Amino acid sequence: MRALRELYQYRELLKTNIKKDIRGRYKGSVLGVLWTFLNPLLQVFVYYIVFPYLMRGAAIPNYLVYLITGLIPWTFFLTTVSQGTTAIKANAGILKKVYFPREILLLSQVCSGWVNFMISCIIILIFCLIFGVGISIQLLVVPLISLIEGLLILGIIFILSAVNVYVQDIEYIVQFVLNMLFYGTPVLYSLSQFSGANHILYSLIAYNPVTIIIDAYRDCFLYHVWPNWIGLGAVFLLSVIVIIVGRMVFRKLERGFAEEL
């Protein structure tokens with residue numbers, strides 16, 4: 001409760017930081033916030049041209065919509081975890097001069113990433129309408145799914161950002177792990193393609209929390225069915241546990257930030 005009261009007292013700083021993070025993503029660029037739309041579109045364009053040739057015989061219906069409904073949520077996860085990992089080190093100057101709850105730096109990363117994600121969802125809706133997939137009432141669940149994803153990200157960066165202050169190689173290890181996780185998540189392919197393959201590999205992909213989240217988005221945008229509530233509930237519970245453990249680690253390591261930065 002004390003932590004929540006403290007965050008509430010510094011709510012204006014949190015708002016300012018969120019705005020700064022959103023503007024800072026495309027600072028100095030000519031197109032500015034338009035890159036929120038262009039980045040995923042360019043990625044989709046590349047994968048749509050190249051990947052079907054690598055997976056011949058495993059055609060996925062409405063592959064373009066399938067691709068974008070996986071890629072945009074993945075980008076939210078990837079970008080926010082990457083930037084959240086370095087958030088404490090990147091703000092070393094202000095941390096040494098002014099006191100404020102250090103968690104604000106991580107919350108602002110998640111919130112600004114969430115805003116960019118919700119803007120990017122406009123692209124998904126446009127693709128659904130253009131390619132005849134349509135829209136349904138299940139879209140009302142999308143903010144809830146994104147909240148669960150945001151909580152999972154927050155718990156992860158609590159740990160990574162704190163450890164990164166002490167272990168300089170963490171941010172590079174994180175990038176390597178995220179690259180591996182990308183191929184361990186059915187963003188480009190369908191999980192059903194592995195149903196008859198190695199049982200361990202199938203299970204690792206199927207029970208990957210990011211897989212469950214992306215499948216939930218696809219259920220709402222592409223298949224017009226309610227997501228797997230049991231799976232989402234499990235990811236939510238995992239997210240809460242990771243946040244609790246992550247904040248404990250963060251608070252313990254926070255004591256030495258000033259000396260290490």
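Q: With which residues is threonine 80 in contact, leaving aside its neighbours within four places in sequence?
A: Threonine 80 touches Thr75, Gln109, Val110, Gly113, Ile153 and Ile157 once neighbours within four places in sequence are set aside; contact means heavy atoms within 4.5 Å. The model is a predicted one, in which local features need pLDDT of at least 70 and side-chain atom pairs count only at pLDDT 80 or more, while totals for chains, interfaces and linings use all residues. Residues are numbered from 1 along each chain as its sequence is written, and side-chain values use heavy atoms, with hydrogens and water left out.

Q: What makes threonine 80 count as buried or exposed?
A: Its relative accessibility is 1%. Buried means under 20% relative accessible area, exposed over 50%, and partly exposed in between, with a 1.4 Å probe and protein chains only. Threonine 80 therefore counts as buried. Its place is in helix 4.

Q: How many helices and strands make up the secondary structure of the protein?
A: There are 13 helices and 0 strands. Helices (H or I, at least four residues) and strands (E, at least two) are DSSP runs, numbered from the N terminus. Read from that terminus, the elements run α-α-α-α-α-α-α-α-α-α-α-α-α.

Q: Which residues of the largest nonpolar core touch the most other members?
A: They are Phe77, Ile88, Leu106, Ile145 and Leu154, in a core of 64 residues. Helices 2 (11–24), 4 (63–85), 5 (87–90), 7 (103–130), 8 (142–166), 9, 11 (209–223) and 12 (229–254) are the elements that give two or more residues to this core. Helix 4 gives the most, with 12 residues. The term nonpolar core denotes a set of buried Ala, Val, Leu, Ile, Met, Phe, Trp, Tyr and Cys residues joined through side-chain atoms within 4.5 Å. In soluble globular proteins, nonpolar side chains tend to be buried together.

Q: With which residues is phenylalanine 77 in contact, leaving aside its neighbours within four places in sequence?
A: Phenylalanine 77 meets Glu149, Leu152, Ile153, Ile156, Leu178, Leu181 and Val210 when those neighbours are left aside.

Q: How do you know whether the reach of helix 9 is close to the value expected at 1.5 Å a residue?
A: The expected span is 1.5 Å times one less than the number of residues. Helix 9 (residues 170–183) has 14 residues, for which 20 Å is expected, and it reaches 20 Å from its first C-alpha to its last, which is close to expectation.

Q: Which residues are buried in helix 9?
A: Ile170, Val174, Leu178 and Phe182 are buried there. Seen down the axis of helix 9, the buried residues fall within an arc of 115 degrees, so they line one face of the helix; the arc is that of the directions from the helix axis to the C-beta atoms. On the other side of helix 9, Tyr172, Phe176, Met180 and Tyr183 are exposed. An α-helix has 3.6 residues a turn, so residues three or four places apart point the same way.

Q: How do you know what span the 26 residues of helix 12 should have?
A: At 1.5 Å a residue, helix 12 should span 38 Å, and its end C-alpha atoms are 36 Å apart, which agrees. Its buried residues include Leu232, Val235, Val242 and Phe250. Among the elements covering the buried residues of helix 12 are helix 5, helix 7 and helix 13 (257–260).
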